[in-house]
Amino acid sequence: MQHVVLRDLSVLWAMFHVIFLFVMLFRSRYNRRKTAVLAGVGMGILMMSNMVLGWVLGFDVLAKVFFFTCSVPSFVFFYLISADKRFRFLFTFCLADTTALWVMAATNLLDHYFGGGTYVLMFFSRLAAFPLIEYLAYRFLRKPYLELQAAVKKGWGIFSGMTMLYYILLFLVVQFPVNIVERPKDVPVCVLILIMMFFNYSMMFASLYGQFLLYRKQQNELVLQEQLESQQRIRKLKHDMKGYTVTLSGLLAAGKVDEALVYLRNVQGEIDTCMGQYCANPYFNAVLGSYSQKFEQIGAVLAVDVQVGDEQLPYMELCQIFSNGLENARDALRELPQEQRKVSVQMGYNKKRLTIRIKNSCSSALHVERGTIPGTTKKGADHGFGIPTMLEAAQKIGGDLMCYTQDGYFVVDVLLPMGSN
């Protein structure tokens, strides 16, 4: 009886940790605090329900219906609060579940063949294995995997299909018609499946990471291209300065001082626009300068107040936040009458924190509560990634993001701790 208790406790331990592993790897549509509360309450109720079923029906019976009593409900729950839908979510969910099933199957076989079937080895091996996997996932996988989900939009379908098939295959091989340890002839097949899963998952991550490196290269090239365009505008401005000087000299020679001052102010505005001198950071200038022209093309009014100098800031993530936020704003402003097209960018920095606010006028029908991540209304597989990508970029450097509507404006606030920079 004591040994059976160890087995049952090890099952509950696995149930808790598969949820923890998934929460570590998936991207929620809510902030961290709200996600933790929702996951704690929802999964707490689900785990308690499965514990009661295990005690009433027996954990051997529960193992056979675990897919319907735990996997399906948790899938639906997390799908509702996930920032990612479709294949990226499915892959992450199946990845966590198959990892847990893999550990449970391996420790079950180890206990049967090397632990005498007393469940002692099973209990202690699972007790150590799940925290070890979570440590390795947090230490080496979580950060690049979250960035991978934010960056790579395509190619997840075939991998999610493979992980789902592995989950079903492993579930059936281990549990049906009876537990694998009661079917010695099927043990070699089960072991081969476990080994094959390890290598196939490695191949999947290598392929996805290759796409991520390609995405990062494209982002670097985009920043470089924006800088080159900025330099081209500067060369054009130098060429135009001769004409400005001739006009200004003519006005002054004619005694038209007031007209000369007005003309000089216009020239100053042209210089600021062309050179993108919004701050001392060349990367931010490149992005803001590029989008200032895009907003000008649609007749939108752009106001910029970027209070940063030449500090060493995480420009890759910050440029990603600016680019996605301003792109979203431009798409929203296109739907409005031209006289309503207004957008502003504010950025402030001190030794402890950096704050960014991107605010654009929006439709009066749009209503977004604080703490939620709004979905996209645009059609197509390449839309709906702007805000989640901004959130991931902020979280990557320890910050957070909040969206809301206020007084006819859609506002994105980003707060980033900068104490370690």
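This is a predicted model: local features need pLDDT of at least 70, side-chain atom pairs count only at pLDDT 80 or more; totals for chains, interfaces and linings use all residues.
I'm taking buried as under 20% relative accessible area, exposed as over 50%, and partly exposed as in between. With that cut-off, Arg 334 at 41% relative accessibility counts as partly exposed.

**Entry: Arg 334 and its partner**

I looked up what Arg 334 pairs with, and found a salt bridge to the side chain of Asp 331, 3.6 Å from N to O. Both residues sit in helix α10, 3 residues apart, about one turn of the helix. An α-helix has 3.6 residues a turn, so residues three or four places apart point the same way. Is Asp 331 buried or partly exposed? I get 17% relative accessibility for Asp 331, and because buried means under 20%, I file Asp 331 as buried.

Still on salt bridges, I checked Glu 317 and Lys 396, whose side chains meet at 3.1 Å, N to O. This pair ties together distant parts of the chain, 79 residues apart: Glu 317 belongs to helix α10 (residues 315-334) and Lys 396 to helix α11 (residues 386-396). I noted both Glu 317 and Lys 396 as buried.

Arg 183 comes out at 11%, so Arg 183 goes down as buried. For the tally, I have 6 salt bridges in the model, counting a side-chain nitrogen of Lys or Arg within 4 Å of a carboxyl oxygen of Asp or Glu.

**Entry: helix α4**

I wanted to know how the span of α4 compares with what its residue count predicts. The helix covers residues 86-114, 29 residues, and at 1.5 Å a residue it should span 42 Å. I find its end C-alpha atoms 41 Å apart, which agrees. What follows α4? Gly 116 does, and I wrote down its positive phi, near 75°.

**Entry: Phe 75**

Last, I went to Phe 75 in helix α3 (residues 59-81). Its relative accessible area is 27%, so Phe 75 is partly exposed. Which residues does Phe 75 contact, leaving aside neighbours within four places in sequence? I list Phe 89, Leu 90 and Phe 93. For Phe 93, which is 18 residues from Phe 75 along the chain, I have a C-alpha separation of 7.2 Å.

Note on methods
Residues are numbered from 1 along each chain as its sequence is written. Side-chain values use heavy atoms; hydrogens and water are left out. Helices (H or I, at least four residues) and strands (E, at least two) are DSSP runs, numbered from the N terminus. The expected span of a helix is 1.5 Å times one less than its number of residues. Buried means under 20% relative accessible area, exposed over 50%, partly exposed in between (1.4 Å probe, protein chains only). Contact means heavy atoms within 4.5 Å.
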